[in-house]
Amino acid sequence: MANGWEQVRNARRVLLERNAELEALETALDRLCGPGGGPATARRGGLLSFAAPAGMGKTALLGEVRARAAAHGCTVLSARGGEQEHGMAFHVVRQLVQPVLAAYNEAASRTVLGGWYDIVAPALGLVADAGGSVPDPTGVRDGLDWLVTRVAVQQAPTVLVLDDAHWADQESLSWLTAFAPRAEDLPMLVVVAYRPEELPRDAAPFRKLAERHAIRPSLTPFTCDAVASIVREAIGGAAEDKFCTECWAVTDGNPFEAVELAAGLRERGLKGSRDDLPVLRDIASAVKGKGLIDRLDKLGGAAVRLAWAIAVLGTSATPDITAGVAALGSESAVEAVAQLREARILARAEAPDGVLQFAHPLIATAVHRAIPDALRVGMHNVAAEAVVEAGLGPTVAARHLLEVPCQGDDWVVHRLRQAAREYARAGAPDAARRFLARALREPPSPENRAAVLFELGSATFLSAPEVTVNYLREALEEPDIDPELREAVTYRLAQALAHTDQLAEAAALAADEARRTSLPGTRLRMQAENFVWSAFRADEPDSAARSRRLTRLADHLTGTGLAERYILGLRAWDCVVHGEPATTALRYAEAALVGGLSWTEDNRGFEVPVAVAMTFMYCDQPGRAEELFTRGMAECERKGWRGAHLAFGHALLGYIRYRRGALAEAETLVREGLRIAERVGGAVPAQWYAIGILIEILLARGRVDDAQELADHFSYGDVVPNAVVYPDSRTVYSELLLARGLHRHAEHQLKAVGRRLEARGMRNPAWCPWQLHLARATALTDSPRAVELAEEGVRRARRFGTATAVGEALHCAATVVGGGRALKLLAEAVRELEHSPAGYALAEALVDHGAALRRAGLPQDAAERLYRGLEGAVHCGADGLAERARDELSAAGLRPLQLHSTGTETLTAQERAAAERLALGWPTSRIAEELATPETVVTRLLSSVCRKMGTDYAGLPRLLETAAQGVAPVRPPLG
């Protein structure tokens, strides 16, 4: 391979004055493929970008990239942005990927893409129908990541080449911008070329990536010597220096203009003498702009019309379609193509797909701009019909219809709506919005106007829900709207209002529609929607009345329809937040699930299915809750809903693991939820949930500074959301204040929480323990009030009836009561928590009970509690609690787990955590999972422990086991 590559490279004409660019390319290819095209020890890719104004030779340079990559044995994925196609979603992605999948039929493509087929096939152009579910853009990008990563690995080494990236469609460029940094860790080199001054505003992330993270050799204009070389190669070595210098001056060293000028000189038979200078300037003026158009005009009307048609059609310019749009017969079209190629206006080589192409993008731009306005509009109109007849699909036709004046044509509206549905199915809502906005301006017929407004509102929902509100309000004002459509519009409008922090308006809208409609099914559904948005309002004025209405309605339902199951699910959630017996909440939750509650039901939210799953968690059935979350998240992933839905799923699944005591695993899940929420952008509710849960986890792990840093980064303590979130944001922030010793600040926050929740009857300490935290906050300044708050918390917990709620309330009461009564309360708390799934809460109660027993002079009893608490803390990943347990053991004269008994330096926190888990018999894989650390890091930590303890790795477990068994009290000295 190396010798063959050398022969090809040596035979290839070297590009003039592009040594730095070619050296950068060769360095990148050597890194990817091995020096000289030989085997690479570790294939590493990266990003290489060429940025320069038009005509600077970027396309020629990328041609060299493709040739050299092929000579190295690379798989080459190639695409080019198009000035006429930049509004066509995934146009560039399809160019890159379709050749890879071209050999497969649908069945084979399904096999290759696996579970991603239904998500990415529309974006790739493998299917054109608008049926099936609509994935979100995040899901489509994830699917493209998976596919291109697979290609990069299976067909390694791979080179991805994108020319004219400034004209790439928004969806493709956004995907590539996010994917390109991964090339560093793949056997893939990404090479892009673009005009920096023509990058659109929304391409700012791409510009930042290319400027900061890519290898960026700079393309500069040719020197006078390079232009002279081009001229003399074209017209002979006798060309005079002054003539060549003038050629350089009139082209400003622009490579495209220099080559075109040289070709013109050769055609005119010039020799490059001083006498040729006047003719030189005439030829130079014909290279670009008006001169180029004058040159085209001289070819005759047929050639001009054909060139115009190609400029209008872009990548759809097959010979047959082009001839039809140009109104030429086949023979005339063939003759015109030959003329245009001879004049270097069209590329001489046939494109692989038979599409007619201009010799350079500058020519295409000049020709398109030269078409008279009225004629250009007419040609786009003809082109739209022509591509439909040719079977190229509604999205290709719709591109042309965007250029046609509005005239109330139902055919235009129909095609634009078709294209919008196709783009929605492909996960490109912004493209769908553009076509629907144009359809609305057409305008549609009165009977279709409400439907177009609804589709337009739905297309803007993810990116601009406030705009959605306006469109949907307008749709509801349309006369004689179809009842089924009206129900869908009302639901979507309520959802958009809720997502723009207008929950009161959302609830009122649903209530009004429930009263207005005469259809029983619609009425029940709107009642359910009213209950949903009312329940999640933080400022609901009469929560008790709404709960009574909900109870009366739910008690008469059997769950036979989806709306009934939603109401039963809401009743279960209402039981939880108001602190009704857990058995009642579970009864309604089970009834809601009998017929199924999908997370991805069309035209339904997932708030109620999530609330039902969380009901099981609060009712001490976390296993059932995890089962529902796992099923719901898998359902979202299958449909390509990998944005806000998945962010919520990860965050709340992490909350369930936190409540069970698996703190390291919980932290990993919640951080992933936060990452997804930030990636989606604008997913504020999901982000808010994740931040609050993560703060609670960090506090449980003893990382108070990390929790404060997180809160500061997101201004968590400064903003109070209008929606109900759990865990309650002010309560979480108060926990952070308490952990920092700021009791008065916490007291102020918690009193505000109490006023808000008490007014709504939300009194379940399992759902929001504000009362218990307020008791701790006031214990030092108002002990009687603290005791009163804690005892009320215990009463409420007993009413709810779960072991976790009762145990945690008793634990709190013990911390504010003190004395002998505190020992009894702590003992009772431990007994309750031993029957609960709350591992961390049990470990914390054990440590506090042990500490209280030590202070009461009962060291043997204290030992049993403290060692159990220590083991539980280590198992949960609660490093701060484990450290406190060790301190209590030392204070009691007991020997905690000694891991530095050789007299060496004290172990670091990470080393101690890893060693303690090893002493408990855990394998390194489980230690890595619990510490959220790679297994290789755990191995290094344990090796460090070996050095400090004076043993080898084989003897470490036994030494640790011996240390862990040293639990007998240390006898005090006699006398």
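Helices α11 and α13 are roughly parallel to each other, because angles under 35 degrees count as such. The model is predicted, with local features requiring pLDDT of at least 70 and side-chain atom pairs counted only at pLDDT 80 or more, whereas totals for chains, interfaces and linings use all residues. Residues are numbered from 1 along each chain as its sequence is written, and side-chain values use heavy atoms, with hydrogens and water left out.

Helix α11 (residues 241–251) packs against helix α13 (residues 277–285) at an angle of about 25 degrees, the axes being 11 Å apart. The crossing of α11 and α13 is right-handed. Contact (heavy atoms within 4.5 Å) involves K242, F243, E246, C247 and V250 of α11, together with L277, L280, R281 and A284 of α13. By class, 6 nonpolar, no polar and 3 charged residues form the contact of α11 with α13.

The largest nonpolar core comprises 296 residues, of which L265, W573, M614, F629, Y726 and W767 touch the most other members. Such a core is a set of buried (under 20% relative accessible area, 1.4 Å probe, protein chains only) Ala, Val, Leu, Ile, Met, Phe, Trp, Tyr and Cys residues joined through side-chain atoms within 4.5 Å. Helix α35 (residues 684–700) gives the most to this core, with 12 residues. A second, separate core has 23 residues, including L29, L48, A52 and L61.

Beyond its neighbours within four places in sequence, F629 is in contact with W599, V610, A613, M614, G649, L652, L653 and I656.

V100 lies in helix α4 (residues 91–101). Residues up to four places away in sequence not being counted, V100 touches L77, V151 and Q155.

Terms used: Buried means under 20% relative accessible area, exposed over 50%, partly exposed in between (1.4 Å probe, protein chains only). Helices (H or I, at least four residues) and strands (E, at least two) are DSSP runs, numbered from the N terminus. Axes are lines fitted to C-alpha atoms, for helices over the stretch in contact, and angles run from 0 to 180 degrees between N-to-C directions. Angles under 35 degrees count as roughly parallel, over 145 as roughly antiparallel, 65 to 115 as roughly perpendicular and the rest as oblique. A crossing is left-handed if the near helix is turned anticlockwise from the far one by less than a right angle, and right-handed if clockwise. Ala, Val, Leu, Ile, Met, Phe, Trp, Tyr, Cys and Pro count as nonpolar, Asp, Glu, Lys and Arg as charged, and the others, Gly among them, as polar.
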